[in-house]
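Subject: Structure handover and findings

Dear colleague,

Please find below the structure that I am handing over to you.

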Amino acid sequence: MQLKIYNSLTAEKEIFTPIHENNVGMYVCGPTVYSNVHLGNVRTFLSFDFIYRSLMHLGYKVRYVRNITDAGHLTDDGDVNNDRFVKQTRLEKLEPMEIVQKYTVDFHKVLEMFNLLPPNIEPTATGHIVEQIELTQKLIEKGFAYESNGSVYFDVLEYNKRGLNYGELSKRNIEELFANTRDLDGQGEKKNPQDFALWKKASPAHIMRWNSPWGEGFPGWHLECTAMSTKYLGDKFDIHGGGMDLKFPHHECEIAQGKACNEVEPVNYWMHANMLTMNSQRMSKSTGNYILPKQLVSGENDFFEKPFHPTIVRFCFLQAHYRSVLDISNDAMLASEKGFTRMMEAVKVLNSITPNDQKESGFNLKEWKTKAYDALTDDFNSPVLIAHLFEAVKFIFALKEEKETVSTEDLADLKATLNALIFDVLGLQAIEENNNEKLDQTLQVLIELRNQARKSKNFELSDQIRDKLLAEGIELKDGRDGTSYVLN
């Protein structure tokens, strides 16, 4: 089997050849922990979880590094007040590291809910300030960066003058950008509008600040990933991943920093997961077309008619290729639930089947396995892989109805292969039967007892039922249509 990966840098599928045989170094840009992780983030991280699982299943030893951005994420290099952490501390009236801790915990809980494996290393930006300062000093010494009023910027024009190509990943013509912005006013500290911050001088009101050779400040957003990826994977490593939205400027800046600092192409294969839409529209808080992962799972939303188990959400996400736009809707989730249920039923049926005495099977297992692994090794094509899994599902139900036969050897091989692909590679989980139904029935009894207590003016018992359920993560909500519950 020859693994092929679509390389965003060359815009082509390429045969994957790791730098070190059978070993893979993979870095994926992690979350900026200033708010709850959103469903689009989950789609990206789930895509790379599938890629991580696939690489390991194919026999590679993988060092998977995914960072936590807990400082220095500027939305605009020219205004330190656009630091997302500063904005959130003011909004929630918390210390910056309280914000970081709160949303890092949320991030981990959400990813665990969807059965994502943790990375091998999860470094933080604040834990690597020294490395970022050292990188900045090295770039100044090499003439690729300059200090201005306590801040340090990467000189994009100088980078291009030396025969390098800022814009090679995003396919942007930087010379045209320079021509279009050369006469603009308000460039401030920068030599050129395209220059990006490596280090920013902290204003008196800026809480997150560190000492540096240029005064007190904090690192620019792009620098941390270069510092952490090279520290744990080397100056040149195999795979760098992230969402499509990070291609420019973030990943473009990483390439420039890596080349300028270490005089080597930092990454062999750039991989980008595409965006998530809902009801064929971009997800956005401003338009109201927005839902948090936990709301999709709990059913506490206005878009979906019922709650959906996290593994069904995962199954839905994997039915689109990671490079394709994925649209979720109520119909799509219901269809995924139906397909997932049939697949899990087939797994149960397969475990109960005994082989026939015949030496031959009515299913060409070798050919099926080849097609399944061809999909997996063709740029991790999960939807085609799932389609092939359903070919096996069809055969399993035919076995149940005694319309097909299977040999002892093929039966064992089919069981092993199907279980590996469904549970290890796709990362799906079996759902315990009737648990949700029994929980709902139990809670309805408790709600009825509470309602009777309220009618009898036994408010002590009523409040006791409500408070004890809340302590167990079950919140009762009273409304005009009666009492409902939400699992927190």
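What follows is an account of what was found in it, beginning with the conventions.

This is a predicted model, in which local features need pLDDT of at least 70 and side-chain atom pairs count only at pLDDT 80 or more, whereas totals for chains, interfaces and linings use all residues. Residues are numbered from 1 along each chain as its sequence is written, and side-chain values use heavy atoms, with hydrogens and water left out.

**Overall**

The protein chain has 16 helices and 15 strands, where helices (H or I, at least four residues) and strands (E, at least two) are DSSP runs numbered from the N terminus. Taken along the principal axes, the C-alpha atoms of the protein chain fill a box of roughly 75 × 75 × 35 Å. Of the 488 residues in the protein chain, 50% are buried; here buried means under 20% relative accessible area, exposed over 50%, and partly exposed in between, with a 1.4 Å probe and protein chains only.

**The sheet E5-E6-E7-E8**

Four strands form an open sheet in the order E5-E6-E7-E8, with antiparallel pairing; two strands pair if DSSP finds at least two bridges between them. Strand E5 (145-148) and strand E8 (217-219) stand at the edges with a single partner strand each, so one side of each is left without a neighbour in the sheet. On average, and with direction ignored, neighbouring strands of this sheet are turned by 20° against each other, the axes being lines fitted to C-alpha atoms (for helices over the stretch in contact) and angles running from 0 to 180 degrees between N-to-C directions.

**The parallel pair E3 and E4**

E3 and strand E4 (residues 61-66) run parallel and are joined by six bridges, with Met26 standing opposite Tyr64 in E4. Between them the chain crosses from E3 through helix H1 (residues 39-57) to E4 in a right-handed β-α-β crossover, meaning that, with the strands pointing away from the viewer, the path from the first strand over the helix to the second runs clockwise. Tyr64 is buried, with a relative accessible area of 0%, and its C-alpha atom is separated by 38 Å from that of Leu470, 406 residues apart along the chain.

**Aromatic rings**

A search of the whole structure finds 17 aromatic pairs; rings of Phe, Tyr and Trp (its six-membered ring) pair if their centres lie within 6.5 Å, and planes under 30 degrees apart count as stacked, over 60 as edge-to-face and the rest as tilted. One of them, formed by Phe16 and Tyr269, is tilted, at 5.1 Å centre to centre and 55° between the planes. Phe16 lies in the loop between strand E2 (12-15) and strand E3 (23-28) and Tyr269 in strand E10 (residues 267-273), so this pair ties together parts that are 253 residues apart in sequence. Both Phe16 and Tyr269 are buried.

The rings of Phe154 and Phe196 have their centres 4.9 Å apart and their planes at 10°, so that pair is stacked. Both Phe154 and Phe196 are buried, and they belong to one aromatic cluster together with Phe144, Tyr159, Tyr166 and Phe248.

The charged end of Arg162 sits over the ring of Phe144, 4.0 Å from its centre, and that of Arg172 sits over the ring of Phe248, 3.8 Å from its centre; the criterion is NZ of Lys or CZ of Arg within 6 Å of the ring centre and within 35 degrees of the ring normal.

**Cysteines**

A search of the whole structure finds zero disulfides, a disulfide being a pair of cysteine sulfur atoms within 2.5 Å. For Cys29 the nearest cysteine sulfur, that of Cys225, is 3.8 Å away, and Cys29 counts as buried at 5% relative accessibility. Cys261 is buried as well, with a relative accessible area of 2%, and its sulfur is 14 Å from the closest cysteine sulfur, in Cys253, too far for a bond.
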